[in-house]
Amino acid sequence: MFSISYGDVNVMLDYVFMALYVVVLAVFAFHFFMSIPMGRFRKKWIEGKWPEHDEPHPPALPKYIHFQHLVMMFVLGFTGLAIRFPFIQGGRTTLRYVHYVAMVIVIATFIWRLWYAFASKRRDWRAFAITKRDAKSLIGVAAYYSFFSNSKPHTDKYNVMQKGTYLLFALLMAVQALCGLALLEFWKIPYIGLTFSQILLGWWLAPMVGGVAMAVAWMRTLHYSITWIFIIVVTVHMYLSATEDIPVTLDFFGFGSHDDAEGGHGHATVVAPAEEG
Amino acid sequence: MSPVRIERRVLVAGILLVVTIVVVALTTAVAGAEVKPVLTASTVSTATAAVTTITPSIAATAVPSGSGGYAMDFTLPTFGKSGCMVCHGDPNLVVSQGDATHSFWVDEVAYSHSAHATVVCTGCHTDYGYKAPHGQGGQDWRAVAKQSCKNCHPNEFRDWSLGAHAPVPTADKKPDPKAASKPLCGDCHGGHNMVVLKNNPAGQAEVRAQAQQMCGRQGCHADYWANYNDYYHGAAYKTGAADAPTCWTCHGTHTVLKSSDRFSPTNAANLGAANSCGTPGCHTDSAPGLAAYAPLIHGRATISAKNPVVRLLDFVLGRK
Ligand code: HEM
Ligand code: HEM
């Protein structure tokens, strides 16, 4: 049995995450400001010396999958928050159904990306694997982002913190999908005659917290917390992909090109070549 | 390399377009079916705006009818509406008392669409007979009309009389001192424009949307209306969520009991029961465990106020 009050936990999550988000935005402002005296701002935005890249262009398919992921994540985040905080007049049922449709698409997209990473001809899971060399570079990379040093160790296509972030995305996605499905407490799966909630929670959490309904309530809290973690990490991801390497980000979304042969990107001496995102 | 790349871009753009169309089509198709009831309800309530939400206020003091300013003495054909409507069908029929002007007009069009369209005036105004001018002597004609329902709806009247809204004599057998503030049938259900509920989903939706006018108005439970703002019940109900509960979904309808009453559906001991949180369509398999959520339903604001983050913010901003 849980002794913490469920009500307190819910309200606490709302405020802690909102406060945390404000802090994150403040850190961005500070980070952006710091890039001016450190010379990074001038180097990139004025002299146009963006990082160099090992391969000319990311292939089209992962770009497309990323785009589909991104759109669905925004839809899910928006509709999800509108389910919890009904700030839209009417239409909660609509929002729910949009969430349901998007959740099916996002799970399919996730599986698609896993297939691409592990089973396709151009499998790229190695790009995300953290090697010993990566692990050793962690302090250097962290020092670069926090302005303790002005050069970033280059080990691979993605640096170690990027790899960590992308692996975290995958992990969160899996957990979010599972606890999200566990919220489907009314829809009985045909032929099986049980709900996802019963299948996913009935045998472990339900006996601990006093019933499937209460187990679903705790899963809601988890689903909601992960939503905030996504919001925060994705915001950082967006900020860094825009500030660290805007040419590759634009290229990643189909605009422009970061190809040295075409564009006038000089070689950054301070910033070691590395692809950002 | 580069011609290939251009083709890819076009391909990607094409796929994007198709996916977007599919997503939009799917969501509209799936959701469209679901929105309809909401839309119908609101459309109907705008269409019949004149008919809705004119719930009489129990705060209004008994108005002695007739001002005594006119002299008439004739018999009315009260076993129909025509007699009464000679005067009450006139929108200008007003009575001035002090600086207030009360309308005694009955909107016949609205009445003829109400649940009681075929009931004669004296069916509810049972203390009104035959003579005009009437009402002198200061009898509480409103109270009579508001509970004359029992003549046709005895079961509902009995249910009401068992609940907290019925007056209870004091221990020494004096009348309930709070009787004047307790609602009679008409205080919740309204009067001349009562909507048809039977086989009428639009009417049901309309009544379902009237929690504030019925229960949460000033003088009644305005405080509980205000603090009914947890995530999925109160806040959702107030923004018109079709599946969010209204006051009586949890508190019961005619036999409304205090939550401290052992038999109240909102009594802590009953929250897990089939007629409380476990009502079909709500939380199946609710079990007693779900009671852990209950404090949020009317208590989110209180819980928020004592949250450390909020208190820190209050302190920093110098609030309170
Ligand atoms: C990955 C697959 C996902 C599944 C299967 C899923 C499923 C669900 C379900 C079934 C609900 C309950 C809806 C209802 O009450 O009718 C829900 C709510 C919600 N979802 Fe998701 N979802 C997924 C992904 C996401 C993502 C990625 C986000 C945010 C980035 C998100 C944010 C939310 C939020 C905030 C709620 C409301 C939680 C609450 O009620 O307090 N979901 N989700
Ligand atoms: C507007 C928002 C976003 C921008 C501008 C953006 C930008 C980028 C960029 C430039 C990359 C580097 C790709 C490369 O060169 O290989 C990247 C990779 C990645 N992003 Fe995002 N991103 C956004 C939103 C998201 C969201 C919402 C998620 C997931 C929740 C996400 C997850 C990932 C992951 C997992 C990768 C690495 C694997 C892959 O190629 O898919 N991004 N992003």
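Figure 1. Among contacts (heavy atoms within 4.5 Å) in chain A between residues at least 6 apart in sequence, 69% join residues at least 24 apart. Of the 277 residues in chain A, 49% are buried, a term for under 20% relative accessible area with a 1.4 Å probe and protein chains only. The model is predicted: local features need pLDDT of at least 70 and side-chain atom pairs pLDDT 80 or more, whereas totals for chains, interfaces and linings use all residues. Residues are numbered from 1 along each chain as its sequence is written, chains are lettered from A and ligands numbered from 1 in the order written, and side-chain values use heavy atoms, without hydrogens and water.

**Figure 2. The helices of chain A.** Chain A holds 10 helices and zero strands, which are DSSP runs of H or I with at least four residues and of E with at least two, respectively, numbered from the N terminus. The C-alpha trace spans about 60 × 45 × 40 Å along its principal axes.

**Figure 3. The iron atom of ligand 1 and its histidines.** A:His99 (NE2) and A:His223 (NE2) coordinate the iron atom at 2.0 to 2.1 Å; donors are N, O and S atoms within 2.8 Å of the metal (3.2 Å for Na, K and Ca), with water not among the atoms. A:His99 belongs to helix α4 (residues 92-118) and A:His223 to helix α9 (residues 212-244), 124 residues apart.

Figure 4. A:His99 counts as buried because its relative accessibility is 12%. A:His223 is also buried, with a relative accessible area of 14%.

Methods:
Buried means under 20% relative accessible area, exposed over 50%, partly exposed in between (1.4 Å probe, protein chains only).
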